[in-house]
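Please find below a colleague's note on the interface between two chains.

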There are 4 protein chains.
Amino acid sequence: DKPFVLIAGPCAMESRDHALEMAAGLSEICSLLGLGLIYKSSFDKGNRTSINSPRGIGIAKALDVFAEIRATFGCPVITDVHAPEQCEPVSQAVDVLQIPAFLCRQTDLLLAAGNTGRAVNVKKGQFLAPWDMANVAQKIGSTGNDNILLCERGTSFGYNTLVNDMRSLPIMAETGYPVVFDATHSVQQPGGRGDSSGGQREFVPALARAAISIGVAGLFIETHQDPDSAPSDGPNMIPLKEMRALLERLMAFDRLAKA
Amino acid sequence: DKPFVLIAGPCAMESRDHALEMAAGLSEICSLLGLGLIYKSSFDKGNRTSINSPRGIGIAKALDVFAEIRATFGCPVITDVHAPEQCEPVSQAVDVLQIPAFLCRQTDLLLAAGNTGRAVNVKKGQFLAPWDMANVAQKIGSTGNDNILLCERGTSFGYNTLVNDMRSLPIMAETGYPVVFDATHSVQQPGGRGDSSGGQREFVPALARAAISIGVAGLFIETHQDPDSAPSDGPNMIPLKEMRALLERLMAFDRLAKA
Amino acid sequence: DKPFVLIAGPCAMESRDHALEMAAGLSEICSLLGLGLIYKSSFDKGNRTSINSPRGIGIAKALDVFAEIRATFGCPVITDVHAPEQCEPVSQAVDVLQIPAFLCRQTDLLLAAGNTGRAVNVKKGQFLAPWDMANVAQKIGSTGNDNILLCERGTSFGYNTLVNDMRSLPIMAETGYPVVFDATHSVQQPGGRGDSSGGQREFVPALARAAISIGVAGLFIETHQDPDSAPSDGPNMIPLKEMRALLERLMAFDRLAKA
Amino acid sequence: DKPFVLIAGPCAMESRDHALEMAAGLSEICSLLGLGLIYKSSFDKGNRTSINSPRGIGIAKALDVFAEIRATFGCPVITDVHAPEQCEPVSQAVDVLQIPAFLCRQTDLLLAAGNTGRAVNVKKGQFLAPWDMANVAQKIGSTGNDNILLCERGTSFGYNTLVNDMRSLPIMAETGYPVVFDATHSVQQPGGRGDSSGGQREFVPALARAAISIGVAGLFIETHQDPDSAPSDGPNMIPLKEMRALLERLMAFDRLAKA
């Protein structure tokens, strides 16, 4: 029943300067609000819709920047891993490993992530029922690592559309693991723009409020100072300058939900 | 931004005595909580899963009971209509006509309901996108009656299952009409028990809280002193004795959402 | 294992002349091909997307035209009914009563249709699992009328989209009743054009072929000499001039499926 | 417009003896029928529902067996790859690399598979619209390898259920690449048995017939001499002894579809 933790940052790590700037912005907001922050960014976008979309800064550069963010802002960091062999090196520099939704059934990746001893945040696959996440968690748990978070980010609903079944939050919570709500990927429209994904940024506040009122341990939001120029997931990211007001409001719902 | 109104009662009107007892119970709770109540019951279950399921008390008897409830408890009443010719007589005894979800595209029924001048609560069809409710409302509005409520009660999601897309609340609100959340039919499992529908009563509090936190004008909950013995929709109704605590909690979220 | 029967005609009866012209065209094709024809048209479009769309010619005029078509072309006719009180008069002039998909759970309508003694073709609701049609058939069967056809016309799949689960054909056939495949409503995109439904006429041949190869008793296709000018369902109707080649090809698959 | 090729074999390679026995059985049937065969088996089940389910024989042993099958029966072989680094070694021993549905958006895997120069069969993700497979194919095609097959194996439809949208076959064919229909995974019920997937073997013949009648370049069917004892996907595999009759029937529909 502790306040939710915020997992936030730009979808992709664009450069050292951009990452530090975003981390500074988020860090300042969270510190003003008294909100725990885990800084998020991806070093590689390994499953873009199109081959022509940019991939990212790469693992080596990113790990240095994550280390600098940790040292400078004193906040934990999270990033996603795509292959078993990435888990060990990434775990040297980040606090939480994240398993992408498409990969949530890949046993070797789950075991490698579990074996690092780091916390692991697994996104529920768009193709998976919430009760099936118990099997996913058990794979990680089989390594002796019980530091697991389960994350709702939408379920396939027809084509190019996701829906949040809010029942997934209490269903996944029955596993005993903390549940995170990913408010920005939930409004993604996969493949919705033909050769990239669309998104409905305007529904993020409503969906986040719904999830937080039901009760979650964490809130995942991707943000950017200029989402429409971001290299990925722009249509669903929240402008950084709107984050403070949004979070302040959500914290009130969180306090009520946990009162 | 007024507090939500409660639309509540047992799914089916079982008898005069049972209806008065339920109305008394709900009326007492709402009066203690300072919550507006619209008493709901059906006089005919015209679309049961099976031909062997009971239908209801009938229109004539029901209208007398509705009149008595109005007089005794001073609360408005709502019931659902299934055919155009029912609208006029029903409108004599009830304050709000309700259009069942399966019938939300039946033009003649919508027009007849609109023509009574009474408020009309239309359930969004399980087969309809939320933006398509603008066309439904326009049919009613074409009668010159703008006293329309739009109600979310779940959308088809695979077989025998509904999902609430919570985006439907702000989407339907864009019409300018008040939006109601039906928390008990949303957890219905249509046809889920073979020859009757199942339900997941345990998710009602979470879904209601989510909807109210986003912001709704009305909350629809079916309730019964003994749901497991009710003639219809037992698996999704909330026991009357749990209503007070549930509503009290939801009112706190409502105040916060509208602060 | 008899050859499939064709249920075909324009979505709406537009005028006596148009109906006779269409019936003449279809009758000629079917007679050349040796294919049984049931002429289909609606006298009222009672559930249009928008209030501003035309409704139809009306029941009285239509029944006269149906009688004339029967007499002139010697083929049975089918039309859809929307209210219990329509069933008896309509049954005087048509051979098969059709229950629209949205209304497939309305008990009174099913009973009234059954009580006419006429054959009844029920469309599976877009919101219904195929196994739930056994309950629907049982409602009609309770009148002692076992002359029932069950019709696949697509299932809700996300928003504004239908999908044919081809498993529905053998599942519905387990009831023992003949199964019809509606190839043109299956490609409807409900509400897909904002204030009217869209459609994907180009997929009709493939879906019809799939259904016929699995094995069906009837094939339902709406057709028009100029679909793009038709008052309803234009985007999914097949041009009359393409019907002969389409049917000839489908008959070959039908013969093989039943060999 | 050539006859369809059969891709068949047991889901998992169980042992050298079992693989040779299955290959012998399939080879004999296909040779009698004059049907092209690509022998399929997996060396590793990398995304089982549960951590307690067996994984497989491993890559090294499997490659030897594939080589032996090729040499003994003169038929090409196909197996699925799960990581980029597997592609090169696997391509030494097999003719077609297969990309699992969950992994169909993983750019590195697609590129590595494409770079081998071998044919690549990509399963459409359960979470993907058929038109989004054009982007997937373009990733492989960017390596200069145009030997690509696109495979329909069902789309998420509610929870624990897949549906085949048969429109996906002509939609994917618009890319110009050959389309394969996977008749046994299409009837999988993912996670349907709690800690393993269920399946509906009884619908394989109907769905295969539907797809073949629409027209496909390949048919994928998993088979086993005793499916109910198979280590994986038993509920959806077809008994080997039923394959001959099934294929013979399907070949008649294929000839008609391509006449």
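1. Contact here means heavy atoms within 4.5 Å. On that criterion, 37 residues of chain D are in contact with 37 residues of chain A.

2. The model is predicted: local features need pLDDT of at least 70, side-chain atom pairs count only at pLDDT 80 or more, and totals for chains, interfaces and linings use all residues. Residues are numbered from 1 along each chain as its sequence is written, chains are lettered from A in the order in which they are written, and side-chain values use heavy atoms, with hydrogens and water left out.

3. The same surface serves both copies, since 100% of the contact residues of chain D recur in chain A.

4. Between them, chain D and chain A bury about 3,300 Å², 48% of it on carbon and sulfur atoms (accessible area, 1.4 Å probe, lost on being put together, summed over both). Of the area that chain D buries against chain A, 23% comes from D:Ile51, D:Arg105 and D:Tyr159, more than from any other three residues.

5. Two salt bridges are counted between chain D and chain A (a side-chain nitrogen of Lys or Arg within 4 Å of a carboxyl oxygen of Asp or Glu). In one salt bridge, the side chain of D:Arg55 meets that of A:Asp108 at 3.0 Å, N to O.

How values were computed:
Buried area is the accessible area (1.4 Å probe) that two parts lose on being put together, summed over both.
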